[in-house]
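Please work through the exercises below with the sequence and the model side by side, trying each task before reading its solution.

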Amino acid sequence: MMHIGILLIRLAVGLTFVGHGAQKLFGWFGGYGLKGTGGWLESIGLKPGVTMALIAGLAEFVGGLLFALGLFTPFAALLIAATMFVAIVKVHAPNGFWITQNGFEYNLILIVVVIGVALIGAGDYSIDALIK
């Protein structure tokens, strides 16, 4: 049952990040695409904005896809964790811990989940398990 639990975690977190990356890269799911996201990133001091949006979007999209598939899971977790760390530092930390005040609570939980899965392994229902 543990491997099914890990699969569920990987799918939920990974596919959510695929969606977030698609928002930034393609403007899907109500996102603003590279140009819109880039403008916002420039407004918070991340320049050049479009390049940073591309990097963040690719990290979320590729990291999420790899995480969901259980392929190169430690690398996938690193991409996701790095993106969330930047979000904490640049956006959420000044607001405190709680998400109700736009704090970093949720970002921290995501970092812990992806690093935890990377440390224990992607489980039997993963591509990592198939290529061992």
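This is a predicted model: local features need pLDDT of at least 70, side-chain atom pairs count only at pLDDT 80 or more; totals for chains, interfaces and linings use all residues.

**Exercise 1.** Determine which elements make up the protein chain and in what order they run.

*Solution.* Begin by counting the elements, which gives six helices and zero strands for the protein chain. Then follow them from the N terminus on, where the order reads α-α-α-α-α-α.

**Exercise 2.** Compare the radius of gyration of the protein chain with that of a compact globule.

*Solution.* Finally, turn to burial: buried residues make up 39% of the 132 residues in the protein chain.

**Exercise 3.** Describe how helix H2 is placed, using its buried and its exposed residues.

*Solution.* Start with the buried residues of H2, a helix spanning residues 33-43, which are Gly33, Thr37, Gly38 and Leu41. Because these residues cover an arc of only 140 degrees around the axis, they lie on the same side of H2. The face turned away from that buried side carries the exposed residues Lys35 and Ser43. Now ask what covers the buried residues of H2: the cover includes helix H1 (2-26) and helix H3 (49-69). Last, look just after H2, where glycine 45 takes a positive phi of about 95 degrees.

Technical notes: Residues are numbered from 1 along each chain as its sequence is written. Side-chain values use heavy atoms; hydrogens and water are left out. Buried means under 20% relative accessible area, exposed over 50%, partly exposed in between (1.4 Å probe, protein chains only). Helices (H or I, at least four residues) and strands (E, at least two) are DSSP runs, numbered from the N terminus. The arc is that of the directions from the helix axis to the C-beta atoms. Contact means heavy atoms within 4.5 Å. The radius of gyration is taken over C-alpha atoms; the globule rule is 2.2 Å times the number of residues to the power 0.38.
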